[in-house]
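User: I am new to this structure and would like to understand the terms used for it. Could you take me through them with care?

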Amino acid sequence: MIEGGRLRRPSEVLRPAGGDVGAEPGAVRPREGDPPRGARRGARQGGLGRGAGPEDLPPPAALQRGQRVRPLARRRRGEELGHPSPPGPAEGVCRDVPSVDILVWSELPTGAGLGSSAAYAVCLAAALLTACGAISCPLKEGESTARWTEEELTLINSWAFQGERVIHGNPSGVDNAVGTWGGALRYQSGKITPLKRVPTLRILLTNTKVPRSTKVLVAGVKEKILKFPAIMNPVLDSIDAISQECQSVLEAMPANPSLEYYPVLEELFDINQHHLNVIGVGHPSLDRLCRVTASHGLHSKLTGAGGGGCGITLLRPDTSPLAVEAAKRDLCACGFECWETNIGAPGVTLHSSSSLNAEVLHALSES
């Protein structure tokens with residue numbers, strides 16, 4: 001999680017609660033969440049063509065002039081995918097931004113499928129849009145945190161998506177969306193829909209430290225679909241059904257906070273993980289992760305692209321702290337890294353310096 005990405009002048013910190021870790025199987029994405037990239041038809045298999053570069057972004061002068069800003073290339077394709085180019089602010093709203101230093105503090109490992117690039121892009125977009133006056137500074141005196149209006153969040157998300165295009169070329173837009181709005185989002189056939197009233201869930205996040213290539217994994221899934229359509233398409237339909245079922249469970253939980261929902265989620269985790277192995281995005285390290293946590297009565301699945309990277313383990317409210325610590329110890333003995341965290345948190349947020357923890361303040365003061 002990016003704890004701070006701030007301009008030096010103001011004493012504020014931008015903190016998105018999103019990136020790329022999914023607590024539920026399938027395509028529902030709470031906070032850091034995910035279907036495996038390329039594992040579902042219509043999910044991250046389309047694209048905007050070749051990778052976008054800096055030449056595709058609007059010139060900074062256009063924003064300062066108050067013009068309606070649009071990318072210089074491939075605007076039409078992006079809008080067809082539901083990602084319109086970010087509009088510019090009204091005439092006279094923007095001001096010039098002086099030379100600034102931007103400092104980022106992150107607890108997200110990069111290249112592990114957790115959406116660290118999207119978290120960075122969201123923070124950077126929010127910081128610069130605030131600095132130039134395109135959006136307001138929502139933090140009032142005496143407040144520790146504040147969030148922008150829905151309209152302003154939409155603008156932040158649009159610019160963050162452009163940053164993701166520069167980095168990845170063909171992003172789905174779901175990572176920057178969950179970093180902007182937080183909570184839980186459903187991604188299907190290029191459409192991103194927020195889920196209402198979803199619970200905050202505890203998870204154990206484990207990084208296997210096994211590098212993988214999303215591009216190679218996506219290509220492998222496509223090849224299997226083309227080679228065995230009668231076999232693969234039902235598997236993908238089943239993954240979609242898992243996602244639908246999981247969404248229903250998550251939306252029912254806030255109104256009735258009962259432990260009875262957790263065995264259902266755990267079973268969906270297990271089924272989903274088996275399906276992901278079938279379509280070719282599993283890895284022996286992930287299988288080992290699932291076996292280790294299962295030995296402690298816990299249920300896990302991969303997150304992100306698969307092929308290594310990270311896995312998530314669902315922790316019930318009544319899970320014994322001793323069981324969690326024992327699982328973490330055994331996972332670390334495998335050479336993995338583990339963190340306890342939550343999913344379903346708010347998205348990008350403006351923080352006052354006084355609200356930051358000592359570790360972040362120390363990092364900022366040493367810059």
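User: What makes strand 9 and strand 10 a pair, and in which sense do they pair?

Analyst: Two strands pair if DSSP finds at least two bridges between them, and strand 9 and strand 10 are joined in the antiparallel sense over five bridges. Strands here are DSSP runs of E with at least two residues, helices are runs of H or I with at least four, and both are numbered from the N terminus. Within this pair, serine 300 stands opposite threonine 313 in strand 10. The two strands form a hairpin with six residues between them, and glycine 304 in the turn has a positive phi of about 85°.

User: How do you know where such values come from, and what limits apply?

Analyst: This is a predicted model, in which local features need pLDDT of at least 70 and side-chain atom pairs count only at pLDDT 80 or more, whereas totals for chains, interfaces and linings use all residues. Residues are numbered from 1 along each chain as its sequence is written, and side-chain values use heavy atoms, with hydrogens and water left out.

User: Why are strand 9 and strand 11 said to stand at the edges of the sheet?

Analyst: Four strands form an open sheet in the order 9-10-8-11, with antiparallel pairing. Strand 9 (299-303) and strand 11 (337-343) each have a single partner strand, so one side of each has no neighbour in the sheet. On average, neighbouring strands of this sheet are turned by 30° against each other, direction ignored.

User: What joins strand 8 to strand 10 and to strand 11?

Analyst: Strand 8 pairs with strand 10 in the antiparallel sense over six bridges, and in strand 10 the bridge partner of leucine 205 is isoleucine 312. Seven bridges join strand 8 (residues 201-207) to strand 11, again antiparallel, and there leucine 201 has isoleucine 343 of strand 11 as its bridge partner.

User: Why is strand 10 called largely enclosed?

Analyst: A residue counts as buried under 20% relative accessible area, as exposed over 50% and as partly exposed in between, with a 1.4 Å probe and protein chains only. Six of the six residues of strand 10 are buried, so the strand is largely enclosed by the rest of the structure. Cys310, Ile312 and Leu314 point one way from strand 10, while Gly311, Thr313 and Leu315 point the other way. In a regular strand the side chains alternate between the two faces of the sheet.

User: How do you know whether leucine 268 is buried or exposed?

Analyst: Leucine 268, found in helix 8 (residues 261-279), has a relative accessible area of 9% and is therefore buried. Its C-alpha atom is separated by 9.9 Å from that of serine 300, 32 residues apart along the chain.

User: Why is helix 3 called oblique to helix 4?

Analyst: Helix 3 (residues 116-131) and helix 4 (residues 150-168) pack at an angle of about 130°, with their axes 8 Å apart. That angle makes helix 3 oblique to helix 4, since angles under 35 degrees count as roughly parallel, over 145 as roughly antiparallel, 65 to 115 as roughly perpendicular and the rest as oblique. Axes are lines fitted to C-alpha atoms, for helices over the stretch in contact, and angles run from 0 to 180 degrees between N-to-C directions. The contact (heavy atoms within 4.5 Å) involves residues including Ala121 and Leu129 of helix 3 and Trp159 and Ile167 of helix 4.
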